[in-house]
Each structure stands twice: as C-alpha cells, then as structure tokens.
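Colleague: I would like to go through a few of the labels on this model and hear what each one rests on.

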Amino acid sequence: MVDEKRSILTDSYARFKAFHELMSKKVREILLVSSPYDAFIMEEDGSLASRIINEYSGLNLSQPPRVTRTSSAYDALALLGRTRYDMVITTPHLDEMDAFSLGTKAKKINPTLPVILLAQNIRGIYPPPGDKMRKGIDKVFVWSGNSDLLLALVKNAEDALNVDRDTQRASVRVLILVEDSPVYYSSFLPVIYREIVQQTQAVLKVGLNEEHRLLTMRARPKILLATDYEKAMELCQKYKSFLFGIISDTRLPRNQRMDQNAGVRLLTRMKAEIPDLPLLLLSSEPKNRKKAREIPAVFLDKNSPNPLSEIHNFFVNYLGFGDFVFRMPDGRVVDRASNIHTLEEKLVQIPDDCLWYHAKRNHFSNWIMARSEIALASSFRDVQASAFSSAGELRAYIISNIHELRKLRQKGVVARFNAQHYDPEIMDFVKIGHGSLGGKARGLAFMSAVLHQNRDLHEKYEDITIELPKTLVVCTDGFGSFIAENNLKRFADEGFTDEQVAAACLKADLPEWLRTDLEAFIAHVHYPLSIRSSSLLEDAQFQPYAGLYETYMIPNNHPDLSVRLEHLITAVKLVYASTYYEGPKAFARNTSNQPQEEAMAVIIQQVVGQQYGDYFYPSISGVSQSHNFYPVSHMKAEEGIAHIALGLGKTVVEGERTLRFSPKYPNITPQFSTVDDILKNAQRYFYSLRLLNYPSELNFHKNSNLEKREVEEAESEFPVKALSSTYIPEEHRLRDTGFMPGAKLLTFAQVLKHKIFPLPELLDDLLHIGRKGMGCPIEIEFSVNLYPEKDRKGDFFFLQIRPMVAEEERFEVEISERDVKSAICRSSQALGNGKTNRIADIVYVKPEDFKVESTIQMSGEIGQINAALSKEKRPYLLVGPGRWGSADRWLGIPVQWKDISGVGAIIELRNDQLKADPSQGSHFFQNITSLGIPYLTVTEDAGDCFDWQWVESLSPVQETPFLRHVRLQHRLTIKVDGRKAQGVVIREN
C-alpha cells in the first residue's frame, strides 16, 4: 500500500526553482498623494517611507518599496503618465479633486493599478459603499498611526497580484479574511500579516540557509480580503483547492443588504465542502459563540480585551504554526513535536489511536503546510487515512515520506550548523560560522546545487549514486578569530620556517565557540574524515593556489571522544598553519596578492572508501579535465582527459603513476599499448588510511596519516581483484580478470573495456555539466566505490571542481606578431599549452651530418648528452628530424625515455630528410605530454621555420658525430598556445 501511494516528493528537484518564480509581481514604487496636513499627521513620528522600511527590516523582509509623495492630484496624474508605479495611496482631502475622482482617472491610465484610500477615520468618506464612484478605489483603510498597516497594504496588494499564478505554479495556500468594516479589517489585517510572517519565519529556522529561508518565505499563505458575502464566496470557490483557512465576520453585506448571519452561512457551507478547514468566526456579539460552535468554528469576540492574543492562538493551534500536539481522541495530550525532525521521531512511538485521530483530520497535512512544504502536505491531504489497512502501514507511509522530505530539503543547500538540530544522515553540506566558504568549498557548494538540479543525470545513471561526500565547512571567520586571539598574524611576514609556523599554531587555542561546535559535530559522526584547505584564493580562476596548502586524514573511530576531537582540532590547526607556509608565500610573490590578505576556511569531509582489513580506501580516485592540452591519436582537445588510480587520490594529485585516458575514447591507452608497456607502466603502489592498530598520537607529518602500500600485498582485497588483469608469463599475455591465480596488474580493464561501471561516460557528462556551469574549462577530482554485489554497480563521489583557466600562464597564452617576427622557431602544429623560460641549452642533430640509417647511433649520443645535462639539472631544447620516439628507425630517431629524461622542450622537424607524419610515437608521447613538455612540429617548407643560421653561429659546448650542444647567455622563452596549436621559441636580443 505504501508503494502505491508514493508521494509527489520526487518532484522536489524543482522545489526551490518554483519558489524563485513566486511573488514575481512586487510593489516597488508607491505614489503617495496627500494634502500637506495629512502628510504632516502621518509623518509626525517619521516619514511614511521610513516607517515602511523599518517595518520590513523588523520582520527581516527584503526589498521595501520606494515612496514618491506629491500634494497635487494633477501632478500625481502627470507622474502616472510618465513613470511606472505599482501602487497609489491617496488621502481623502485633496485640493484639486476628491480621492475617488483621482482613483477613477488613475485607473484610466493603468486599469490594473491598485489605488488605496488611507483615511484618518471613516466619517466623511464619500461616496458611500456601493456607489459607482467607488470603482476608482480598490480598498479603503483607516490609519490610526500603526506602521503595521503600511506593510499590510503593500503585502495585500502583492498577494492579490500574484495569487492566481502562485497557486497554479506552486499550490501556495490561501487565507481569506471576510470583513466589511474598514476600521476592523484595518486592525485585523496587519495583525494577520505580522502573525503569518513571524510564524513562517519561526518554523523555517531549522536546517535551511538564509537564501532558501527567504525563498521559502515567498511560499507563505496569500491573504485575500473580501468585504461582502458574494466576493467571499467567489474567492472560496476559485481557490477552494488551496484554502488554508477562513476568518470571517458574522454580519456581512449579502445581496447588497446587511445580513446578520452571512458569515455563519459562508463558514457552514465551506465546512461542509472541506470538513477539516480551519475556521474563525468574528463577532462583537458574544451570543454568536453558540453559532460558531454549531458550524463548528473557533470564535473570537471583537470586544475581547486581547484579540491579538486570540488570533495568535488560532494560528498556533489551528493553522499549524506552533508545536504539533499529539492528542488522543478524548483530547488528552500525549506528546509534542517542535519541528519536522522531532515529528518523525515522535511518530515512531505514539499510540495507534493517536495516529488515526490526527491522520483522519488532516492535522499532519495542515501542520506541514504551515512550513511551506507544499508537495508533502498536498500528498498527505490527497491520500485518505481510510485507504490504509492498518496503523502500521499508515505509520510507515507517513514516516517514510517525512524522512524523504528531510533529505530532499537539504540537497543542494548549504545549511548552517546547529548543534541541537544537526542530523548527519540527512544534512549533506553544512557550515560553521558566518564568513566565506573559501574557493574550494565554494566550488563544492556550486556542484552540490548543480547535481541536485540535474535530474536527467540521475535518471541516466539511475543505478549509481552520484553525490558529494558529507561535508562541513568552517568558514573563514574561524580562521580570523584563531589568528587574532592567539596573535599569529606576524607569521604572514617572511622569515619563518614551516616548522615554526606549525609549532606556534599547534600551541594556540581554537576559539571556544569553534571548539564547541566541532565537539558537537564529532560526537555525531564516526566515519573517517578528510580535513582540507579552502582558502579565499584557492581555485580562483586566475590564481588557483592549487596544492599549496595541507590536507590531513583521520580515522575518527577511537572509542574516546576526546581523542577523536583532539585529532580533528590538530588537523584544523595544521591546515590553518599552512596558510603561512613558505610555498604559498613564494607563489604569492608572483601574483598581486599578499599573504596578509589570505584567509582560510576548512573543509571537514567524509573520506570516500570502504574498509578492507586494517585499511580504508576507495576503489578508484582520479582527476579529469575538460580540456586536453596534449591530445594524441584522433582525440580532440575539448574532449577532455582523465587520470585514475587505485586507492586515495594522493597518487593522482602528486603525479605518481596513474592511468591516463580520454572519456570519449576509453580504449585508447597509449601507455598500455602492449603487454610490455603494461608490465612497465602499471600502478605499483597506492595510498590507504589505517583504521585499526594505529597509535593514539597520529603522525600528521608523514603522508598526512596515510600509508603507502604495494598493490601486490593487497591482491586479496576486492578493489584490486575488480580492477586488475592477470598476467600469464608462459603466454606473455594478460587476461582481463583479477579473480584467477597469477600476478595482478592494475589495468582497469573491467571499467574501461567491460563497463562494470560507466566511468568514462559519467566523466564525459560531468565535464560537460561542469564546463557549462562555470563557463570555462574545468578540472574535477572524484572517487568511486565498487562493490562485490552484482546488483550494486557502485557510487561516484564528487570531491572538487576548479576552473582550468585559473592557471593564467597555462591557458591564457598570447603569441603576438612581435613574438612571431622575433622567433628563432615557429610551429603551427604545437602540442601543450603554456610559457616557459627555463632553457638555455640547445641540443640538435646537425643537418649536414644526418643519415637516416644512423638514427640508432644518434639515439645513443643523445642519451650521453642528456645524462650530463640532467646531472647539472639543466633542461634543454632537443631539435631533430622525424618522429621522436618512433619504434621505426626509418621514420625518426628511436630514443627511449631514459635517453631524454632531462629534456625541457622538443622540436620535430619535417623536411626533405624525413617527412613522416608528425606526432605519432604514442608510447613515447605519454611520457612527454603527461609532464607538460612542449612539443613543436616544424614543417620547414609550409610556413613554419627554424633559424639554422643563428643556431649554427653559436659556439658548441660539445659535439658528437651527429649532434651539437650549444649554450646561450640568456634563456629562451617558449610559448605554446594550445587553443590554436601554435608555438614559438624566442631568444633575448
């Protein structure tokens, strides 16, 4: 039964999108037309505009309207003719024409313009009700100095303008006030609005950030005012499906005559049509209390000494704005719930009779509706309690849907951490503090929202979980307080070693408020944690500061809470310390930033992985880029590239041995082209976090608490088996399975070839989504968990996103006309992207001595010169004909990596001596491109050039039968624009 009645919460991906679209018509410009005297009276205690602004501020409402005042009716009409106004407020006594005539003329200019008459008292207002001249005035209000009325005027007009659209788009609720007396509705309407706003704000405090709290406020009930029976009935029928409650006077105009029981008639009819609709009957005659009881409706005596308190009680007890009070059928209170979380908890234990009592009366729907959770409230209202065969079935349905709501309302939201309400099961992304999230966390928050909104992605990969790990961010104000309270700002200056900075930070105390929140957090979570930097400048578009700060991992499973807390605090302090380490300071010297300007947020994140014996690690970690600066074969630069490895991501981000592939072409893996390549290039080591048998004093300085393990020692663990191929030495071949005897080599064949997990396709989609979202090429970090169960494909976790355009010299490379003219080398087929000026040595094949049959000998000579230059740590420019690294000696010089390991840049010449197609030595190229070494192909008779005359004029440092080595007084500048595949080598004159 529960499965048949799944709620419409699956549509909640569009929940906040719909809220963005609510209240689209706002009153932003008000024209106030009043005599000088009326203006003086109204502004005795401050201007009308100031009162409106103060009222908005007092209720934390945004965008108060602007007020323009004039005392002339003719000036007012002129203003309306040339300026757009959203509302006109006029007083009765104008010199040039009466207010009703002004309203009539204003309506001719703009028929939909709300025109409000604001009077000091009801006497002397002409024409009387019902007169056709009244059509120029939409509402008459009586001003008694209460600034609440100003807010009510504006909000009531906005509600009338938006009610049709908002009820249809988001099922927003409607509360109808029926009252014919301007005196009374001028009194009641402000009270109702203030109550609605304050109660709505109160129930939205738990679990939402400020932006979404304001958005959800837009879904508050609309309040509509009717002044006679016919209008009230029209509104009730029109918005019947959205009615939240009705507040009505007993005595109302009906059929243009005063009817003593029109309000009773109205409420009685609506009660028959909607039995559980909350109703409030107003009357100045106490005898009508009996009539209210017969409807039944709540009764309010207008002559009560405290009517405001009674209205408050109606909102709290009947409209669902207070605690949910669990009652037995006899009225006995058995429990209370103050928020949706406690409602879910209490529902588990309340008696069956209590559950049935509230479900049959739609109390759960009303209470949840007051919290602007319209989708769930509507689904509860649509499913009758009588449709369930047992209390257990009903209870399971309600609890499961509330739990799903709590999870969905947190998706894509950065919520503020609250120790009392924190629930790690449903809260995916929370923050401590009021400062900035920092660059890295800002990117994570962005992708959290993007992933939540992208329903198509989740539907395409419906059997895979795609999400961020659970994340807590300590905002930058935590760092600011830590530095200020411990007088650590001096370490932003030069002259301190990393060890000195770390020691000072470890001795310092965290701010008490931060320590308290971290203790509350760590008491709730027991999974391994990664403590990562998120500085203000980190992952910025032009100065990424990537990899300069520290990351630590802690097992977080010690039985003593205080030990776990100290591990966490130590890691946070060391991340703070890394802000002032020498590396970031050195980087800052090459930018416009100063270390003093930096501020650090800290990401405390669930470590992705599974436990295998004493260790914890993910099956796959990786980095993927949407722009491949070194495409090979038929890959395109815009198709992206990925690097993956077994275990935690340290292997990838620190440049150790990984597997490189394009998500578009996962079967093209140049470094695994042959069995010998695989034997040579396969990953041998990986990183994992020790969970068992670790010392209580963690080593925060060696591999950040990680252990480097050999793949061979983990052959019995599932990820190694799942991702390995087995080598059969007798046949010198590999079988794509790790579940058989023999040596294991990490080939990732089961993923890339046999598709047990759609990693290439998913990365391709995510790179497209991320690039579209950020508007530039991006780099992402990720991890994957694989499982032995055949019915569970795996989980994909998004760890980081940064813009690749951030690296200014790596991406924004400009080759000017002056560069081209002064270059000693120009290439229109250049691989790579960037600028380097670290080379002052050139090693080239002498054109006059080149013999294609001697390329093997040339390879040996290059190896000898390379060894000497590598020892001196002098990178060099290597120049020669044909394909460098080709296995075919007749197509180029067949150097191996050991022969050119110190090279800084390579030029491949295509001329009459060798005209092989450029850049097809793929095995060799993996080493070249992965290190970012510029590779320029020069076709000498097709517009490219190399200045042989200048090079051969230089005195040699060393010469061999086929090679010459020259050294320059000044370094060369090499520029490669990867977008245009153009490259130049420039010498300093």
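Colleague: Which residue in β33 is the bridge partner of Ile-466?

Modeller: The partner is Phe-796. This is a predicted model, where local features need pLDDT of at least 70, side-chain atom pairs count only at pLDDT 80 or more, and totals for chains, interfaces and linings use all residues. Residues are numbered from 1 along each chain as its sequence is written, and side-chain values use heavy atoms, without hydrogens and water.

Colleague: What makes β17 and β33 a pair?

Modeller: Two strands pair if DSSP finds at least two bridges between them. Four bridges join β17 to β33 (residues 794–803), and the two run parallel. Strands here are DSSP runs of E, at least two residues, and helices are runs of H or I, at least four, numbered from the N terminus.

Colleague: Where do these strands sit in their sheet?

Modeller: The sheet is open, with six strands in the order β17-β33-β32-β24-β25-β26 and mixed pairing. Its edge strands are β17 (464–467) and β26 (659–661), each pairing on one side only.

Colleague: Why is Cys-475 called buried?

Modeller: Buried means under 20% relative accessible area, exposed over 50%, and partly exposed in between (1.4 Å probe, protein chains only). Cys-475 has 0%, so it is buried.
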